[in-house]
Each structure stands twice: as structure tokens, then as C-alpha cells.
Amino acid sequence: MRPFLYERATSECAAVQLAASGAPAQFLAGGTTLIDLMKLDVLRPARLIDINGLAAGAAGLIEEREGALRLGALVDMAQAAEHPVVRRKFPVLADALRQAASQQVRNMASLGGNLLQRTRCPYYRDRSWPACNRRKPGSGCGALHGQNRGHAVLGVSDACIATYPGDLAVALVALDAVLEIIGADGARTMGAAELHRLPADTPHVETNLAPGQLIAAIRVPAGPWTRRSLYLKVRDRESYQFALASAAVALDLSDGMVRHARVGLGGVATIPWRATAAEDQLVGRRLDGELARATAEAAFAAARPARHNAFKLGLGKRTLERALLQAAQMEL
Amino acid sequence: MGEMMSKVKVSTTINGDPVEYLCDAEETLLDVLRDHLGLTGAKEGCGTGDCGACSVVVDGRVVCSCLVLGAEAEGRKVTTVEGLATGDRLHPLQQKFLEFAALQCGVCTPGFLVAAKALLDRNPDPTETEIRFGLAGNLCRCTGYDKIVRAVQAAAAEMRKG
Ligand SMILES: Cc1cc2nc3c(=O)[nH]c(=O)nc-3n(C[C@H](O)[C@H](O)[C@H](O)COP(=O)(O)OP(=O)(O)OC[C@H]3O[C@@H](n4cnc5c(N)ncnc54)[C@H](O)[C@@H]3O)c2cc1C
Ligand code: SF4
Ligand code: FES
Ligand code: FES
């Protein structure tokens with residue numbers, strides 16, 4: 001790792017103030033993305049501001065407020081996955097977290113850092129590949145005509161086809177979660193769906209978070225669909241692997257008819273993907289095998305596969321289909 | 001550039017003993033344990049959080065020390081594989097790993113022992129599925145895992161007897 005300056009912040013205010021002055025800084029939470037990518041020399045911050053001390057305050061708490069769930073950004077993945085309210089009332093979140101990474105990583109990794117994890121594209125992670133627009137703007141894309149089995153089919157551009165690898169964010173965009181953001185100029189909120197940017201022709205600008213802005217918490221509104229929700233993840237092996245395809249589904253059913261539907265897709269898109277086309281298919285109809293199939297078709301209608309990842313169309317559709325039918329069967 | 005950055009002073013507890021050290025900001029906890037403190041039980045397999053050979057327990061929870069900075073140990077309680085035995089008496093997990101031949105080259109073993117101890121501290125009577133899920137973050141290229149799972153089950157049974 002390259003040398004950097006290490007500082008600790010014990011409050012949100014102190015953290016954003018430290019970040020606003022001095023050399024370019026990154027916040028350090030669990031370090032499972034940041035330290036990893038610094039070791040690989042992909043990220044080179046001059047300063048790290050350790051925000052783990054914030055876990056002693058509200059950023060370390062899981063609370064229910066006016067029916068909504070508030071997850072502090074420094075809550076770790078294991079804590080949230082095991083929390084009784086999360087498991088009972090927002091099962092899609094607990095599912096997404098439990099199926100992610102390993103016990104070690106879930107113990108270390110924070111929810112805020114989880115949203116901001118970087119792609120696992122091998123060309124991005126390995127500096128010895130000269131072409132990667134995301135790592136080095138204008139250098140080209142190694143994956144586009146290289147190995148792209150793990151890459152995205154939705155939201156891709158000619159500049160980048162890297163998959164957003166996280167699980168939690170897929171469930172959060174489906175549930176209309178809101179992020180509490182703090183900057184040196186004050187606090188604001190941002191929809192979870194606005195956090196990540198499509199790669200378009202600037203894949204190196206990954207999020208709409210300005211430098212130095214801190215995610216303080218994630219708010220997830222409860223709805224009549226949040227209890228009937230699940231996350232289905234398909235991967236190369238049964239545990240401890242990123243998704244090849246995943247679906248976050250939340251349904252409000254009445255006598256088998258869909259009143260509300262929320263659908264997110266993971267492993268197949270460049271950002272946590274909200275499948276509104278699928279939701280439109282579902283609402284007002286009876287959820288049976290045929291509707292599930294039609295919904296999955298609609299969800300992938302705009303997909304653009306590359307050379308090695310066309311299988312993700314079929315896999316992604318079947319994953320969504322199964323997730324919908326499983327959610328419909330859930331005993332509440 | 002390393003000379004320009006000042007060292008970080010850390011006060012921590014390792015295997016029950018208070019420890020103070022100075023480290024560079026960019027040194028990981030694994031570097032500090034192995035290179036400064038002579039605790040070479042934790043191994044570096046991958047350095048990227050994938051293999052679990054570097055597992056240590058921090059404040060009761062198993063983590064990958066290859067992705068934790070040495071500076072982050074400030075004020076924490078760290079347990080490494082060296083802290084498992086009591087004097088000359090091996091921990092039941094260590095004993096059962098020997099009895100069941102749950103290791104070959106041994107590079108993964110300290111990580112498995114530490115992760116298994118953290119697992120049993122939280123769940124004294126895990127099912128085989130829970131053991132396999134709980135230890136999924138520890139990779140072994142030699143044993144095929146089965147003997148490891150049996151050893152953990154046997155150790156759990158012995159520890160429940162007290
Ligand atoms: C072996 C392995 C397997 C994995 N498998 C999965 C998986 O299956 N599914 C999955 O979803 N993920 C998986 N991950 C990714 C892992 O979940 C993320 O690395 C982790 O959640 C990141 O959180 P962190 O606290 O460690 O973030 P850090 O590494 O500390 O930070 C990541 C980024 O977020 C920034 N940041 C952190 N917190 C904040 C904040 N509050 N406000 C603003 N910026 C912030 C940092 O500056 C940095 O840029 C895996 C990781 C590893 C190493
Ligand atoms: S897909 Fe994106 S991250 Fe991967 S090489 Fe191309 S530009 Fe880089
Ligand atoms: S060396 Fe830390 S996980 Fe492999
Ligand atoms: S015994 Fe060799 S890696 Fe496990």
C-alpha cells in the first residue's frame with residue numbers, strides 16, 4: 001500500500017469537516033473494499049478518515065421510527081442481517097445481507113460502505129491491464145472485447161459494462177430507500193436509486209455523492225409489500241460468492257391479485273437495478289406462472305449482452321420468475 | 001514518502017495482554033501481528049478478504065486481519081490463534097483438529113481455529129449446515145473440508161460437556 005495519512009473522527013460533524021479540508025480523503029469503515037483496492041493500487045487516497053468511532057452513536061443503531069426502518073451507516077452487515085425487526089418486517093434486506101460475502105466480511109463491512117463497494121470487474125481490479133475507463137478515463141474497456149462472463153447486460157454503455165456487485169443496494173432501490181447525507185454544508189437526503197450513476201461515457205464518476213459527503217443512515221419506508229419480500233441470489237457456488245443474477249421482490253397481494261409490486265435486479269446490471277417495467281406488468285393482475293414469465297421477459301427487454309454473458313438473460317429471467325412465485329407463496 | 005508520515009501509536013489488548021506499538025498507517029493488523037509482535041499464527045493467503053487464513057477475533061467477532069489497519073486496533077481486544085491454548089493445554093478445537101487429521105499443509109488451520117472458536121462462542125451446538133455456512137469464509141485447498149467439519153462438531157460436543 002502507498003503511504004497515507006490516518007485520522008480518526010468521532011462524530012459525523014468532525015468527519016465531514018476533516019474531509020472538507022486538506023488533501024483528498026476517503027472515509028474508512030470496514031475497509032473490505034477500500035483497503036482491498038488500496039492494496040491493489042487501484043484507489044490511492046492521500047488521507048483516510050476512520051469513521052468506525054461513529055458506531056458508538058446513532059450511526060451504529062438500527063431503529064424503527066414512524067413505521068420506517070432507520071439503519072445507521074456504521075451498522076455492520078452481520079448485525080443488520082440478524083436483527084429481529086429487519087428479519088421479520090423487511091425480510092428482503094436480511095436475505096440480501098445473509099447471502100452476501102463471508103462471516104468475516106459481514107462482521108467487518110458497514111452498510112454505508114456496502115452501498116459504495118466497487119465493481120469486481122477483473123480489468124478494473126488489476127492495474128496491469130492498460131484499458132479500463134472506470135479506473136483510467138479514456139483508456140478503453142478491457143472487458144468489452146475481453147472476458148465478460150460476469151459483466152452486465154442492463155444499463156451498459158460502450159464505455160463500460162461492469163456489473164454493480166452488491167446485494168443490499170438492489171433490495172434498497174426496490175423498497176424506495178432514502179439516504180441521509182451529511183456534507184460540510186449541511187444535511188440532505190437522496191433516494192437510494194439516485195446514488196449510483198449509469199456508466200454512460202463517464203464510468204469513472206460512479207455515484208452522485210460529492211467528495212467528502214458522508215452517508216449517515218439509510219431509511220427504508222415500510223409498506224404493505226415489505227413483509228412479503230425476499231431476495232433470491234444465483235451464483236457459481238452456494239455461498240460466499242457474488243451474484244450472477246439476483247432478484248429483490250416485494251409484493252402486496254390481495255386474493256392472488258397484485259396491488260403493489262417492487263422489483264430490483266442484481267448481478268446483471270451496471271447499477272442496482274429497479275425493474276419498473278416488471279412492476280408495471282404485475283400491478284392489477286393475478287400472479288401465476290404465466291404472469292411471472294411475462295414479467296421476467298419485460299424486465300430484460302432492453303438487455304444488451306456481450307460475448308460471454310448472454311446466459312444472464314435466461315438466468316436472470318428464471319431468477320426473477322422464481323422469486324416472484326416464491327414471494328407469492330410466502331406465509332405471512 | 002513513508003518518512004514524511006508519522007507513525008501511529010496504538011494501545012490495544014492482544015490475547016489478554018495490554019500491548020502498545022507504533023506502526024505505519026499503511027500496515028495492516030496482519031502485518032503488525034506477524035512482523036512487529038512475532039505472532040505468526042495468522043497467515044496471509046490472499047490479502048484480499050477471500051481466504052480467511054488471516055482470521056483473528058476483534059471484540060468478539062472474527063475478521064480478516066489483512067483488511068484491518070494496525071491503527072484500527074486502538075482500544076480493541078484482539079485474540080489470535082496463539083491465545084486459544086491455556087498454557088500447555090490445547091483448546092478442544094486444536095485437540096480435535098489433531099485427532100481428526102483436519103489439516104494437511106496447515107496454512108488455513110489457524111484461521112479455521114479462530115473462526116470456529118468465534119462460531120462456537122455464539123452457537124455452542126451448530127448444525128452441520130451452520131458450521132459450513134459459518135466457516136464459508138475460510139478456504140482450504142487440501143482437506144476437502146469434511147474432516148474440518150467433523151473436528152468442529154466433536155469439539156463442540158466436548159465443550160458442551162464443559
Ligand atoms: C471476499 C469478499 C466477498 C464479498 N462478497 C460480497 C457479496 O456476496 N455481496 C455483497 O453485496 N458484497 C460482497 N462483498 C463486498 C462487501 O460487502 C463490501 O466490501 C463492504 O460491504 C464494504 O463496506 P466497508 O464498510 O468495508 O467499506 P469500506 O471499504 O470501508 O469503504 C468502501 C467505500 O465507501 C466509502 N464509505 C464507507 N462508509 C461511508 C459512509 N458512511 N459515507 C460515505 N462514504 C463511505 C469509503 O470511503 C470507500 O470509498 C464482498 C467483499 C469481499 C472482500
Ligand atoms: S467493464 Fe468497466 S470496469 Fe471493466 S474494464 Fe470495462 S471500463 Fe473497466
Ligand atoms: S489473507 Fe486475509 S482473507 Fe486471505
Ligand atoms: S490444510 Fe492446506 S489449505 Fe487447508
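Start with helices α12(A) and α13(A): in this predicted model, α12(A) passes α13(A) in a right-handed crossing. To find the pair, select residues 289–299 of chain A for helix α12 and residues 311–329 of chain A for helix α13.

Next, show the side chains where the two helices touch. On the α12(A) side, select Gly289(A), Ala292(A), Arg293(A), Thr295(A), Ala296(A), Glu297(A) and Ala299(A). On the α13(A) side, select Lys317(A), Leu320(A), Glu321(A), Leu324(A) and Leu325(A). Colour the contact residues of α12(A) and α13(A) by type: six are nonpolar, two polar and four charged.

Now turn to the salt bridges. How many does a search of the whole structure find over all chains? The number is 33 salt bridges. A few of them follow.

Select Arg47(A) and Glu7(A). They form a salt bridge in which the closest N and O atoms are 3.1 Å apart. Arg47(A) belongs to strand β3 (residues 47–50) of chain A, while Glu7(A) belongs to strand β1 (residues 5–8) of chain A. The pair links distant parts of the chain, 40 residues apart. Are these two residues, Arg47(A) and Glu7(A), buried or exposed? Both Arg47(A) and Glu7(A) are buried.

Move to Arg44(A) and Asp41(A), whose side chains also meet in a salt bridge, at 3.1 Å from N to O. Here the two partners fall into separate classes. Asp41(A) has a relative accessible area of 19% and is buried, because buried means under 20%. Arg44(A), at 44% relative accessibility, counts as partly exposed.

Then select Glu64(A) and Lys89(A). The closest N and O atoms of this salt bridge are 2.8 Å apart. Glu64(A) counts as partly exposed, at 40% relative accessibility. Lys89(A) is also partly exposed, at 23%.

For the last stop, select Glu63(A), Arg65(A), Arg70(A), Glu180(A) and Arg219(A) together. Salt bridges with shared partners join these residues into one network.

How values were computed: Residues are numbered from 1 along each chain as its sequence is written. Chains are lettered from A and ligands numbered from 1 in the order in which they are written. This is a predicted model: local features need pLDDT of at least 70, side-chain atom pairs count only at pLDDT 80 or more; totals for chains, interfaces and linings use all residues. Side-chain values use heavy atoms; hydrogens and water are left out. A salt bridge is a side-chain nitrogen of Lys or Arg within 4 Å of a carboxyl oxygen of Asp or Glu. Helices (H or I, at least four residues) and strands (E, at least two) are DSSP runs, numbered from the N terminus. Buried means under 20% relative accessible area, exposed over 50%, partly exposed in between (1.4 Å probe, protein chains only). Axes are lines fitted to C-alpha atoms, for helices over the stretch in contact, and angles run from 0 to 180 degrees between N-to-C directions. A crossing is left-handed if the near helix is turned anticlockwise from the far one by less than a right angle, and right-handed if clockwise. Contact means heavy atoms within 4.5 Å. Ala, Val, Leu, Ile, Met, Phe, Trp, Tyr, Cys and Pro count as nonpolar, Asp, Glu, Lys and Arg as charged, and the others, Gly among them, as polar.
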